[in-house]
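Look at the pockets of this protein and at one of its helices. Here is a short report on both.

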Amino acid sequence: MARLIRNKQGIPSTLLTRFLNSPSSLLTLPYYSTSKRSLQTLAYEEIQANPNKPYTHTAFILHGLLGSARNWRSFSRTLVSSLSDSPSGKWRMVLVDLRNHGNSAEMEGLGPPHDLVNAAKDLGNLINSKGWDSPDVVIGHSMGGKVALQFAKSCGNRDYGENVKLPKQLWVLDSVPGEVTSDNSDGEVEKVLQTLQSLPSTVPSRK
């Protein structure tokens, strides 16, 4: 598992590393989850230990290819609970459905090209449309890690305006920073894409 970390303030890296290596029994405190969707932007879900208390920090969590925000609910609930007594403050987790995934697949206005640049831009649009502060931490898994890297790059270039700033920490899980050339590829991604292209456009059930 690769971890790309930007350390300033936010989730202490030692705490998050300890959490990633800890059992799920850490979930001992209550949490609250709210599913939302923002018009013309991405669908998302918020998780907080106590929604009646103001949060001081925000982490975005981005799923991988063919996944959705709900894949990371258990992780986020456990992380919120373990951070509830952290001296760093009260945390909110924002689980995002990336374009063409989860509830964002039903959204209008998320047109092509469906690439990393636009997937990252969707995050900037979500932040601006909701009037949120920039997330302190962005955690991306697999394809979500690639989106997280592009988001950080675009934030550094001020592509989303002055309100959307570079995250204090960036975590990339199970994803290699940089381009992977076909010469260094084992062909697994190509196999997945070929399989997807061979499937019908609709299927009768999830099973």
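α4 gives the most to the lining of the largest pocket, at 6 residues. This is a predicted model: local features need pLDDT of at least 70, side-chain atom pairs count only at pLDDT 80 or more, and totals for chains, interfaces and linings use all residues. Residues are numbered from 1 along each chain as its sequence is written, and side-chain values use heavy atoms, without hydrogens and water.

A pocket is an open set of points on a 1 Å grid over the protein atoms alone, where a 1.4 Å probe fits, with protein on both sides within 12 Å along at least five of seven lines; lining residues have an atom within 4 Å of a point. A volume is the space filled by probe spheres set on the points.

| Pocket | Volume |
|---|---|
| Largest pocket | about 1300 Å³ |
| Second largest pocket | about 240 Å³ |

The largest pocket has 39 lining residues. Leu65, Leu116, Ser142, Met143 and Lys146 lie nearest its centre. The second largest pocket is lined by Leu66, Leu196, Leu199, Pro200, Ser201, Thr202 and Val203.

Now take α3. Helices are DSSP runs (H or I, at least four residues), numbered from the N terminus. Just after α3, Gly131 takes a positive phi of about 70°.

Definitions and conventions
Helices (H or I, at least four residues) and strands (E, at least two) are DSSP runs, numbered from the N terminus.
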